[in-house]
Amino acid sequence: MSEINYINDILEILQINDFSHNFVPFPFPGTNSCILKKANDDGIMTMYINLKSTIINLVCPHCGSYNHHISKGTRSINLKHFSFGSLPVVLVVSYHRYICNDCSSYFAEDIPFQFDNRKATIPNVQSALFEMNENHSMASISRMHGLGKNTMYRIFNENIYIPDRFYHLSSVISIDEFKATSDKGTYAFNIVDPITGKTLDIIEDRKASFLKNYFLRFPFTERKKVKFIIMDLSGAFQCIMHSLFPHAQIICDRFHYVRLVGQNFIQSRLDVCSFLHYQPLAKSIKRQLRLFYKYRKDLDNEKTWYDFHLKRYFTCASYIDYLYDLSERRNNKDCDDSTMFDSLVILEMLDNYEIYQNLLKFIHEKHNDYKKELNRWLDYIFDTHNSYYQITAKNFRKKWFIPLLCSLSYTTKYKRRDRFYRTSFNNGFIEGMNNKIKLIKRNAHGFRYFYNLRKRIFLHLGYSYTFIYKDRKKGIPIFQ
Ligand SMILES: [Zn+2]
């Protein structure tokens, strides 16, 4: 029967086996166990594990002489290790101190699993860093690892370094801005590859000069590779991107233009509420905001709800039908003037509602000729001199006609988790990314410096980082 090496097993459980062969578990004085459970200074039950050095063959860190030293006794240090569940673990490490015979200087034995002269072990710091990949606050990480808040901040500031991003531009890029810190630009700039779902880079400022400097790092042959740029309805970005990527087709995100047209309709709806003579109807229309935003054919026609203002039961679809019926009343000769006026007002609102619904129809249903349909939609607004949609329609025709058309007619294929999906070009992915960033900011109660925010975002997204260790003036053991 072979001899079982319990010492190695204990070191393996503590995850310091890879770091050290010169420190071994050793019984506490007066006991026969290397593990001691007692309350610490704060009254919390803690597990103490005693470790002792076994090697004396050392190199002097000051002059480099080998084995010319005299022991000056031992010291012990308490290192915070990661906890076992709710039980905190502290390693009590005894190490030797020596004086060198050649240069007469003192030096201590190296503890390979100690992190940067701090009272923490490397596995503990590494697992703390692993939690930083999740969206946990620094305070909760420091509490879980017994590290002290300031130590945690110092590790984050001094020992982690996110290198500058070097990457190739992909054929589709998606760009957006988000509100960042005030020390650099107020708005930061986010570049994402929506096909692979990777954040390419986060830039500190969205100013035109800054973006030009940034993208001109890429040679023209590299910039030529970009075929599609997806963005929201920002005129400034369109100009910059068009000058930097002359070969790329700009596509605007459908959510943004639908929202813009939707807001125009909502304005007309609010005006109706103030014009109507019949107040319960005005209040009811004001309440049903969500209902008007939705595509009419998708409205639910089964679940009934009670309208307190009109004192009737409706389904979502029947509510819209009810409004259409009201607008028909103008043909009835018996109506008084105020009812007649109300029905005309509602008729105008429903006219605006139909313009908005016709835009939704482009997205929800398949058309053969989007260009013709879109032109017809815009012409209708110009012909009727509709004051609510006029500015938006002019803007669409003048600047965004082709980007809008592309967003309606082009589709792409992308792969997630070994499955292929066909989708239109949209900014959905980057808006999701922005939401993530917003959560990171909220969880940290805001950031003061952009550098830290960027670092935290990249850690959260699981990007590679370099871990900086400081130089230690400790005696390094030699194994023979
Ligand atoms: Zn020396």
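Modeller: Happy to! Donors are N, O and S atoms within 2.8 Å of the metal (3.2 Å for Na, K and Ca), and sites may look incomplete because water is not among the atoms. The donors of the zinc ion here follow the spacing C-x2-C-x36-C-x2-C along the chain. This is a predicted model, where local features need pLDDT of at least 70 and side-chain atom pairs count only at pLDDT 80 or more, while totals for chains, interfaces and linings use all residues. Residues are numbered from 1 along each chain as its sequence is written, and side-chain values use heavy atoms, leaving out hydrogens and water.

Biologist: What makes C60, C63, C100 and C103 donors of the zinc ion?

Modeller: Their SG atoms coordinate the zinc ion at 2.3 to 2.4 Å, and the cut-off is 2.8 Å, so they count as donors.

Biologist: Why is the arrangement of the four donor atoms called tetrahedral?

Modeller: Four donors count as tetrahedral if all angles lie between 85 and 135 degrees. The angles around this zinc ion are 106 to 113°, so the arrangement is tetrahedral.

Biologist: How do you know whether C100 is buried or exposed?

Modeller: Buried means under 20% relative accessible area, exposed over 50%, and partly exposed in between (1.4 Å probe, protein chains only). C100 has 2% relative accessibility, so C100 counts as buried.

Biologist: And what does C103 count as?

Modeller: C103 has 31% relative accessibility, so C103 counts as partly exposed.

Key
Tetrahedral: all angles 85-135°; square planar, octahedral: opposite > 155°, others 65-115°.
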